[in-house]
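Here is a short briefing for a first look. Keep the sequence and the model side by side as you read.

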Amino acid sequence: MNGPILEVEHLVKEFPGGRRGEVVRAVDDVSFAVAEGEVLGLVGESGSGKSTTARCVMRLIEPTSGRITFEGNDLMDASRSRLKRLRRGMQMVFQDPYSSLDPRMRIEDVIAEGMVVHGTVRGAEARRARVAELLELVGLRQDHLRRRPSDFSGGERQRIGIARALAVDPRLLVCDEPVASLDVSIQAQILNLFKRLQRDLGLTIIFIAHDLATVRHLCDRVAVMSNGAIHEIGTREQIYSAPTSDYTRSLLAAMPVPDPEVERRKAAARRARLEPAGSAGEAGGGDAPTDGGGPTAADPRPSLPVSASGGAG
Amino acid sequence: MRWITRGARFVWHHKLVSCSMAFLVVLAFAAVFRDAVTPYDPYSTDVSLRNLPPLSDGTGWLPHVLGTDPLGRDLLSVLVEGARVSLVVGLLSVLVSGTFGVVLGLAAGYFRGRTDDVVMRLVDLQMSVPSLLIALLVLYVLGPSLTNVVFVLAITRWMVYARVTRGLMLSMREELFVEAARSLGASHLRIIVRHMIPNIMAPIMVLATLEMAVMLLTEASLSFLGLGIQPPQSSWGLMLAQGREYLTTAWWLVTFPGLAILLTTLSINIIATWMRARSTESPRESGAVVEPPARAPLVAQQA
């Protein structure tokens, strides 16, 4: 692995919340580093501060304290013009592909916006050529250029969002749950796209997800977050086969397994654990991070083969 | 051919809206081409013809369809001339107050903080003083004229736009595509002009249309009170004021300008309501699925 492209040290973000000036600490002393060309997964339940961390890294919101260094440049002290230049190096893919594209813009203009803002590609013809190239890169057809976002499905919109981010040739891509609001079958396609882009373009990716299943095949390292802090960070092998924290274990337990027998045993075990005392599960904190519990947010490989084998057996 | 069938279908489905549009188009046409449409010169007086009832014979290519006024002028011609003045005042004041209010609202909603406080306190201040009082005061000081009426109407109504625009901007700020533009490195100006304004224009246009009706009514009230348009110029409100004395003897003097005001504002309101209904059912399907809330695991229950 190469040196770190991004270093986050003691990042804290507090939001004023509630009455009497209480503050909510959304991100509580988070530190991590991402090496060049690496894919880091950031996993945690809703409200664990993973999106806030990402938005702090992008400086879309101002961190309360901490240090963020991107390619040796301190992001916290950067002036407006310097920040704009640095933003060419890091781009973000958003969670909701429906609201992240301006409904009144043509696809062409959506994707070209970064080139216009940074003046990287001059002239309408050159821009159009580059946009066409990007469309092909993310697997969309060229004749979509003049349409508007409402003509596209969720998966296609997410591809457009990815093309927009790639338009300025970033080295680092921050993906904030880019597949969480997509159909399962589409999720797999988009995950494969990320994998291919990472390999072909040598991108560094921070990939945020709320379950461990999604990031398993993509990430080199995984950081598990809850309550604004990183619980555990390690290589994929460490996290998936030898987790050290209880929280990680409970996330792992919530991962669906592509075997109906195992799933049924797990369900039975859960029922047995829940029945004696209703609050038992809650006290252990084990049942909260189970967004991925249902068959909806499943493994990149869709659930179809599961039911097929179940029918055969 | 396809346009004709589509047009016919629109008229069939939106009869009221079509009628309103037709009325406004005729009105605007008459106001623009006044000289070609009016049968008599609206400024030529002849006391021997004073207060003739509707449909009296005249010397022009039309009889005095709506009668004549106390100065012997053809009422239809005066009404068209009045439409011209009233519409110009209405449009100009909507334009001025709209621009002013929208710009302040944009700044307040986008930058928040002190800008927001200053603008919103100004709005509160303006709201707490009766607008007619300000109008009377300003017009008393500046003297009544068409430009001053536009100015007064603009300063009494700008805060409506400022409030609405601010609200829209506050919700726009939270939009993901605005955040996406920021993360691309777009400047404030670019974000406001390219992303936010196009997306808030529809409701503001509806508001401006409704405001047009308000402006027409306010202009009529000001002219009625003698602080708006001055004779020999004519406006609907002024015609009402002049006809009031003859209410018992010449009913047509107030009836027709009154009807003109009523029908115009009604048409504008009908169209505005339709525009609003149309803009909310626009094909923008937003919201979509966000992360589902944490919940107990689903138990697979297949046999």
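**Overview**

Chain A holds 12 helices and 10 strands. The model is predicted. Of the 313 residues in chain A, 42% are buried.

**Confidence**

- The pLDDT of chain A averages 79, and 86% of the residues score at least 70.
- Where pLDDT is low, the predicted coordinates should not be read in detail.

**The sheet of chain A**

- Six strands of chain A form an open sheet, in the order β6-β7-β8-β3-β9-β10. The pairing is mixed.
- The edges of the sheet are β6 and β10 (229-235) of chain A, each pairing on one side only.
- From one strand to the next, the twist averages 15 degrees.
- Helix α5 (residues 154-166) of chain A packs on the sheet and touches β6 and β7 of chain A. The direction of α5 makes about 170 degrees with that of β6(A).
- Strand β3 (residues 39-43) and strand β9 (residues 221-226) of chain A run parallel, joined by 4 bridges. One bridge pairs A:Leu40 with A:Arg221 in β9(A).
- Strands of a sheet pair through backbone hydrogen bonds, either parallel or antiparallel.

**Strand β7 of chain A**

- A:Leu172, A:Val174 and A:Asp176 point one way from β7(A). A:Leu173 and A:Cys175 point the other way. Both sets are buried.
- On one pairing, 4 bridges tie β7(A) to strand β6 (residues 90-93) of chain A, and the two run parallel. A:Met90 has A:Leu172 as its bridge partner in β7(A).
- On another, 5 bridges link β7(A) to strand β8 (residues 204-209) of chain A, again parallel. The bridge partner of A:Val174 in β8(A) is A:Ile206.
- Helix α6 (residues 184-201) of chain A belongs with β7(A) and β8(A) to a right-handed β-α-β unit.

**The nonpolar core**

- The largest nonpolar core has 142 residues. Those with the most contacts inside it are A:Val43, A:Ile111, A:Ala163, A:Val174, A:Ile206, A:Phe207 and B:Leu79.
- Which helix gives the most to this core? It is helix α4 (residues 75-111) of chain B, with 15 residues.
- Leaving aside neighbours within four places in sequence, A:Val43 is in contact with A:Ala209, A:His210, A:Leu212, A:Val215, A:Val222, A:Val224, A:Met225 and A:Leu251.
- In soluble globular proteins, nonpolar side chains tend to be buried together.

**A residue of chain B: B:Leu153**

- B:Leu153 sits in helix α7 (residues 146-173) of chain B.
- Why does B:Leu153 count as buried? B:Leu153 has 27 C-beta neighbours inside 10 Å, and the cut-off for a buried residue is 20 or more.
- Beyond neighbours within four places in sequence, B:Leu153 is in contact with B:Ser93, B:Ser97, B:Met215, B:Thr218 and B:Glu219.
- B:Leu153 and B:Ile134 are 19 residues apart in sequence, and their C-alpha atoms are 9.7 Å apart.

Notes:
Residues are numbered from 1 along each chain as its sequence is written. Chains are lettered from A and ligands numbered from 1 in the order in which they are written. This is a predicted model: local features need pLDDT of at least 70, side-chain atom pairs count only at pLDDT 80 or more; totals for chains, interfaces and linings use all residues. A residue is buried if 20 or more other C-beta atoms lie within 10 Å of its own, exposed if 12 or fewer, and partly exposed in between; C-beta atoms are placed from the backbone. Two strands pair if DSSP finds at least two bridges between them. A crossover is right-handed if, with the strands pointing away from the viewer, the path from the first strand over the helix to the second runs clockwise. pLDDT is the predictor's confidence in each residue, from 0 to 100. Axes are lines fitted to C-alpha atoms, for helices over the stretch in contact, and angles run from 0 to 180 degrees between N-to-C directions. Two residues are in contact if their C-beta atoms, placed from the backbone, lie within 7 Å. A nonpolar core is a set of buried Ala, Val, Leu, Ile, Met, Phe, Trp, Tyr and Cys residues joined through C-beta atoms within 7 Å.
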